Amino acid sequence: MGSSGFSWKLKDHPKLPKGKTIAMIVLDGWGEAKPNQYNCIHVAETPTMDSLKNGAPDKWRLVKAHGKAVGLPTDDDMGNSEVGHNALGAGRIYAQGAKLVDSALDTGKIYDGEGFNYIKASFETGTLHLIGLLSDGGVHSRLNQLQLLLKGASERGAKRIRVHVLTDGRDVLDGTSVAYVETLEEDLAKLREKGVDAQIASGGGRMYVTMDRYENDWEVVKRGWDAQVLGEAPYKFKSAVEAVKKLREIPKTSDQYLPPFVIVDDSGKSVGPIVDGDAVVTFNFRADRMSMVAQALEYEKFDKFDRVRFPKIRYAGMLQYDGELKLPNHYLVSPPEMERTSGEYLVHNGVRTFACSETVKFGHVTFFWNGNRSGYFNADMEEYVEIPSDSGITFNVKPKMKALQIGEKARDAILSGKFDQVRVNLPNSDMVGHTGDIDATVVACKAADEAVKMILDAIEQVGGIYVVTADHGNAEDMVKRNKKGEPLLDKNGNIQILTSHTLEPVPIAIGGPGLAAGVKFRKDVPNGGLANVAATVMNLHGFVAPDDYETTLIEVVDI
């Protein structure tokens, strides 16, 4: 790196001093939405966060935490803790999802990874099953990625392949499923010519088979399980093209809602049930509609429906769909490799760092923050503290979680004078929000607010600066809504609880006695996102961010 003229040395900021202790607080799952009874952040007593929002208007704003702002393919993609902390720490927007898969396939790197080698162990004696959306819509999957994966797997020893197709008609035009199936059949025929036993084994429409999300209807996943794993479905055909054409003739049936079918041989036997010793890949890159089937394929303990049998398989996702749950445990494409993250720069420039959270988010405030990198950059300059999370219970049972303990650790680190940056993640609003328990989530938000106050009080004592933000939304909207924004009701007239993340922006607030006069948020970065936070924090430490970082959110005006 020396020969290229690279240096870790950051330029001094022309107007901002060094040496101020900075508290970097991330509230997990804390978005900004309209105040109503389902907005737990609004309902909760949160005087500290309220005071930041209602204080100096040029020291509080919203930033984007979803979609393209965090490297996801579209702005319909909700943010998550992994990509959120990646963006916060890296200061740049790295491709996540589809672009990552494209790169791994184009370079062949996908075949060198742990995930592919894990499933490859089944190729000699078992079947490789590929489950996913057959479409080039590019929202959940893309046909060319499936085609490349088929080619690559067959060239690397897969002798028997079964594809379980889910027809689209949502991200692409209804009726195009026939053409997609025909294209796939042509590819499989070419593989058969090369001696690979490759066929479509089952199928169904994406909204009726397998691809449910947010635990809305496990029957959707069960229909897929029955066809894909058990080889059972109400409709049986000799060919997938025939299946799609015939099923589309049923009144009011569209690609999205095709009923499940299996392909059978001349004796009427299913050609591709998933059995012991097989390998399975779910090839969608988008997480939300794969997480439920991933649970069914991965978890030995599972009570959402009767699986009848649970085959001993080697299962991998195209990506890891849930970093918190580590679901699935194996995946073909690893998170992006990030270099020159803000944490590494700051350590090289003498900034002593303390990071703390409880177990469920400790990796986010360290590993993901540091660009998917384990361990310290410099053990002499950093200290990471993990507080064990409650285990054996759901988080709504003890919704305060470890917020106050995290607050105490941060307070002590600030008052010790040993650190220039004290970074924490408060998980409450996200982890309790995921349980769907509104009352408990209100308690969780209040506890997080109390922890923020503890940290801000310490910053006040040492003349420091605080930066308070979040990684994505969750607790600010706990109900499913129709296109008009009205709460959805189930058949019994009860509201449908939303347990997922949201598309809402998140707040960022700056302040503290150490904040130089004249520092305020700029008005010319209206579309700022989480990746802009790193340059902002570097400025507050007294440095100018690297040129390729997303621009800072602050300016210093003469008073």
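Q: Leaving aside its neighbours within four places in sequence, which residues is Glu358 in contact with?
A: This is a predicted model, to be clear. In it, Glu358 is in contact with Ile387, Ser389, Asp390, Met401, Lys402, Ala403, Ile406 and Pro427, leaving aside neighbours within four places in sequence.

Q: And where does Glu358 lie?
A: In strand E10, which covers residues 353–358.

Q: What about charge, which side chain of opposite charge is nearest to Glu358, and how far away?
A: That's Lys402, at 6.6 Å. Glu358 is buried yet has no salt bridge.

Q: OK, what does the side chain of Glu358 reach at 2.9 Å, then?
A: The backbone nitrogen of Lys402.

Q: Switching to Arg522. Where is its place?
A: Arg522 is in the loop between strand E15 (519–521) and helix H16 (533–540).

Q: Buried or exposed, that Arg522?
A: Buried, with a relative accessible area of 19%. The cut-off for buried is under 20%.

Q: Which residues is Arg522 in contact with, leaving aside its neighbours within four places in sequence?
A: Arg61, plus Thr551, Thr552, Leu553, Ile554 and Glu555.

Q: Now helices. How many residues of H3 are buried?
A: 10 of the 10 residues in H3 (residues 81–90) are buried, so the helix is largely enclosed by the rest of the structure. Glu82, His85 and Asn86 are among them.

Q: What caps the N-terminal end of H3?
A: Asn80 does, with a side-chain oxygen 3.0 Å from the backbone nitrogen of Glu82. After H3 comes Gly91, whose phi is positive, near 75 degrees.

Q: On to H7. How many residues does it have, and how far does it reach?
A: H7 (residues 177–193) has 17 residues and reaches 24 Å from first C-alpha to last, close to the 24 Å expected at 1.5 Å a residue.

Q: Which residues of H7 are buried?
A: Ser177, Val178, Tyr180, Val181, Leu184, Glu185, Leu188 and Leu191. They cover an arc of only 155 degrees around the axis, which puts them on the same side of H7.

Q: And which are exposed on the other side of H7?
A: Glu186 and Glu193.

Q: What do the buried residues of H7 pack against?
A: Three strands are on the list: E3 (128–134), E4 (160–167) and E5 (197–205). Helices H6 (143–155) and H9 (240–247) are on it too.

Q: What follows H7?
A: Gly195, with a positive phi near 90 degrees.

Q: Last topic, salt bridges. How many does the structure hold?
A: The structure holds 31. One of them links Lys245 with Glu182, the closest N and O atoms being 4.0 Å apart. That pair links distant parts of the chain, with Lys245 in helix H9 and Glu182 in helix H7, 63 residues apart.

Q: How accessible are Lys245 and Glu182?
A: Lys245 counts as partly exposed at 42% relative accessibility, and Glu182 counts as partly exposed at 33%.

Q: What does Lys151 form a salt bridge with?
A: With Glu155, where the closest N and O atoms are 2.8 Å apart. Both lie in helix H6, 4 residues apart, about one turn of the helix. Lys151 is partly exposed at 46% relative accessible area, while Glu155 is exposed at 51%.

Q: And which residue does Asp255 pair with in a salt bridge?
A: Arg248, with the closest N and O atoms 2.8 Å apart. Asp255 is buried, with a relative accessible area of 0%, whereas Arg248 counts as partly exposed at 26%.

Q: Which residues are linked in a network of salt bridges?
A: Asp77, Arg213, Arg286 and Asp288.

Methods:
Residues are numbered from 1 along each chain as its sequence is written. This is a predicted model: local features need pLDDT of at least 70, side-chain atom pairs count only at pLDDT 80 or more; totals for chains, interfaces and linings use all residues. Side-chain values use heavy atoms; hydrogens and water are left out. Helices (H or I, at least four residues) and strands (E, at least two) are DSSP runs, numbered from the N terminus. The expected span of a helix is 1.5 Å times one less than its number of residues. Buried means under 20% relative accessible area, exposed over 50%, partly exposed in between (1.4 Å probe, protein chains only). The arc is that of the directions from the helix axis to the C-beta atoms. Contact means heavy atoms within 4.5 Å. Lys and Arg count as positive and Asp and Glu as negative; His and the chain ends are not counted. A polar contact is a pair of N or O atoms within 3.5 Å; within protein, one must be able to donate a hydrogen and the other to accept it, and residues adjacent in sequence count only if both atoms are side-chain atoms.
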